[in-house]
Amino acid sequence: MSLKIKHLNADTTFLLTFSPVEARPTLNRYGQAPGTFSVLIDPWLSGPSTMWHPKFLLSKHTVTSCISNLSHIPEPNVVLISQDKPDHCHESTLRQLDPTSSLTNVLAVPAAAKKIRGMKHFHPDRVHALPTYSSKDHESLIRFYIPPLSPGGAPGEATVAYIPAKMDVSGLHNAIGVTYRPPTAAPFPVRYVPVSEPPFYPNFSTPNPHRHLINMPPTPPDSPPRRPRALSCSTDPSILSTASSSSIPLSQTSSVTTVSSTSSPNHFTHASPYRPSTAYGHSQSPSASSTASSPHRPRPAKTLSLLYSPHGLSYSPNLIPYATRHLVPHAALPLTALIHGFDRVENPWYMGGNVNAGIPGGIEIAKNLMARHWIGAHDEDKENSGLSVMKIRLKKYGLDEVRECVRREFGGRGDCEVRVLECGEEMCIQS
């Protein structure tokens, strides 16, 4: 399977494409290959970004984005908005998305979700406020069901988790975790399901009384008995689907390739959030799961994982519960990719203090989650003016400097590849 990361501007707008190894050239009616899952992050393509009033903050790109309109990319499964600030939640760019799309869901932090609903551009049922992740609340993790590639295959799953900083005066610091386990064209052997994951129901604050039954995809052949309703992004609200969560082997070493912005556009597939069941009624111990193999059975799929934190977030205590209660049980470590800024930005304490954590925060996360790749974000030299930036203190770090810091922290090993993706550049991580 693979993860493609494309930088659409020079700041912090990314397009993620998760694809299974067995993806086929056949496309569905959205022009997407089966089994893929796509995420558009913090789109801001052109025009100024103003907070409250231009005299307080006015920002402009200094590098032209690689596309002029979001219609130039295939419809994403998810649009992820990490802040309500206009450089992350840019109204004129968001209005370029098709409001009638039956594929795309907008997942945003609560303040941004309120702002986007106020635009009245999207149907309210397509805009969802991200719940704060809690290891004690299974409704705080959003799951997407991905149909099998063929009858008898195993479904895949993608998850999204929102982890804000505790006691953050500025409200800038958070992380959003995304994991992806691909669907297959052949069934998995029965595997152990952690008992710590009871039935889950997404709980979005939408006025729709049937919010757990929003366009579920058709139930694949040979599926387990139908389960209670959950959110989705398909087109038929009368059909239900379920799949199981499971414990699977740790990811292996990955490889990466780079392509230019002139490459052909990615294609994506249909996916939808769902409630996990319990291995279709089976149970098995971890030891039995690890030994239940056959030369005639395919190896279980691995899990890709990505953490997006443009302003940074301290690993302890904020990320520890997510790492230990979700990434570890779902075999999503080592972390496939970390998207985190390099430069450190500070304001006076009375203006909110730290703005971007930069290298110190990124290294802490990369080391603890054993990140294989670290991609810089939110470091564009934008044209900024206004009262809010008059006392900014900026410490810039070059790519070589970041790599040297990472080598020291990783004990001289080159376990974490550090990259800066130029505007329009795309990297492909194979696993």
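**Entry 1: helix H4**

How far apart are the end C-alpha atoms of helix H4 (residues 315–327), and what would a straight helix reach? I looked this up at the start, keeping in mind that the model is predicted. The end C-alpha atoms of H4 are only 14 Å apart. A straight helix of its 13 residues would reach 18 Å at 1.5 Å a residue. H4 falls short of that.

Next I checked the peptide bonds. Serine 316 and proline 317 are joined by a cis peptide bond, with omega about 5 degrees. Proline 317 sits in H4.

Which residues of H4 are buried? I noted Tyr315, Asn318, Leu319, Tyr322, Ala323, His326 and Leu327. Viewed down the axis of H4, these buried residues fall within an arc of 110 degrees, so they line one face of the helix. The general rule is that an α-helix has 3.6 residues a turn, so residues three or four places apart point the same way.

I then asked what the buried residues of H4 pack against. The partners are strand S10 (156–164), strand S11 (174–181), strand S16 (304–309) and H5.

I moved on to the loop between H4 and strand S17 (337–340), which holds proline 334.

Alanine 331 is in the loop between H4 and S17. Its phi is positive, about 55 degrees, although alanine 331 is not a glycine. Most residues other than glycine have a negative phi, and most peptide bonds are trans. Is alanine 331 buried or exposed? Alanine 331 is buried, at 2% relative accessible area.

I found another positive phi at methionine 370, about 55 degrees, and this residue is not a glycine. Methionine 370 lies in the loop between H5 and S20. Its relative accessibility is 40%, so methionine 370 counts as partly exposed.

Where is glycine 361? I placed it in helix H5. Glycine 361 is buried, with 11% relative accessibility.

For H6, I listed Val402, Cys405 and Val406 as the buried residues. Down the axis of H6 they fall within an arc of 100 degrees, so they line one face of the helix. On the other side of H6, Asp400 and Arg408 are exposed. The cover over the buried residues of H6 includes H5, strand S20 (373–375) and strand S23 (417–419). Glycine 411 follows H6, and its phi is positive, near 70 degrees.

**Entry 2: salt bridges**

How many salt bridges does a search of the whole structure find? I got eleven.

One of them joins glutamate 409 and lysine 367, with the closest N and O atoms 3.6 Å apart. This pair links distant parts of the chain: glutamate 409 is in helix H6 (residues 399–409), lysine 367 is in helix H5 (residues 358–368), and they are 42 residues apart. Glutamate 409 is partly exposed at 37% relative accessibility. Lysine 367 is partly exposed too, at 44% relative accessible area.

Arginine 419 bridges to glutamate 417, the closest N and O atoms being 3.7 Å apart. Arginine 419 also pairs with glutamate 425, where the closest N and O atoms are 3.4 Å apart. I checked burial for each. Arginine 419 is buried at 10% relative accessibility. Glutamate 425 is at 19%, and counts as buried because the cut-off is under 20%. Glutamate 417 is partly exposed at 28%.

I also noted a network of salt bridges linking Arg143, Glu157 and Arg181.

**Entry 3: cores and totals**

Which residues touch the most other members of the largest nonpolar core? They are Ile5, Leu16, Leu80 and Ile116, in a core of 54 residues. I followed leucine 80 further. Leaving aside neighbours within four places in sequence, its contacts are Val39, Leu40, Ile41, Asp42, Leu107, Leu130, Val160, Ile176 and Val178. Another core, of 31 residues, lies apart from that one, and its members include Tyr322, Ile359, Ala366 and Trp374.

The protein has six helices and 24 strands. Of its 431 residues, 56% count as buried. Among contacts with a separation of 6 or more, 75% come from residues 24 or more positions apart. The accessible surface is about 17700 Å², with 55% belonging to carbon and sulfur atoms.

Conventions. Residues numbered from 1 in each chain as written. Predicted model: local features only at pLDDT ≥ 70, side-chain atom pairs only at ≥ 80, totals over all residues. Heavy atoms only, no water. Helix = DSSP H or I, 4+ residues; strand = E, 2+ residues; numbered from the N terminus. Buried < 20%, exposed > 50% of the residue type's maximum accessible area, 1.4 Å probe, protein only. Contact = heavy atoms within 4.5 Å. Areas by Shrake-Rupley, 256 points an atom, 1.4 Å probe, with all protein chains shown as cover. Salt bridge = Lys/Arg side-chain N within 4 Å of Asp/Glu carboxyl O. Expected span 1.5 Å × (residues − 1). Arc of directions from axis to C-beta. Core = buried A, V, L, I, M, F, W, Y, C linked by side-chain atoms within 4.5 Å.
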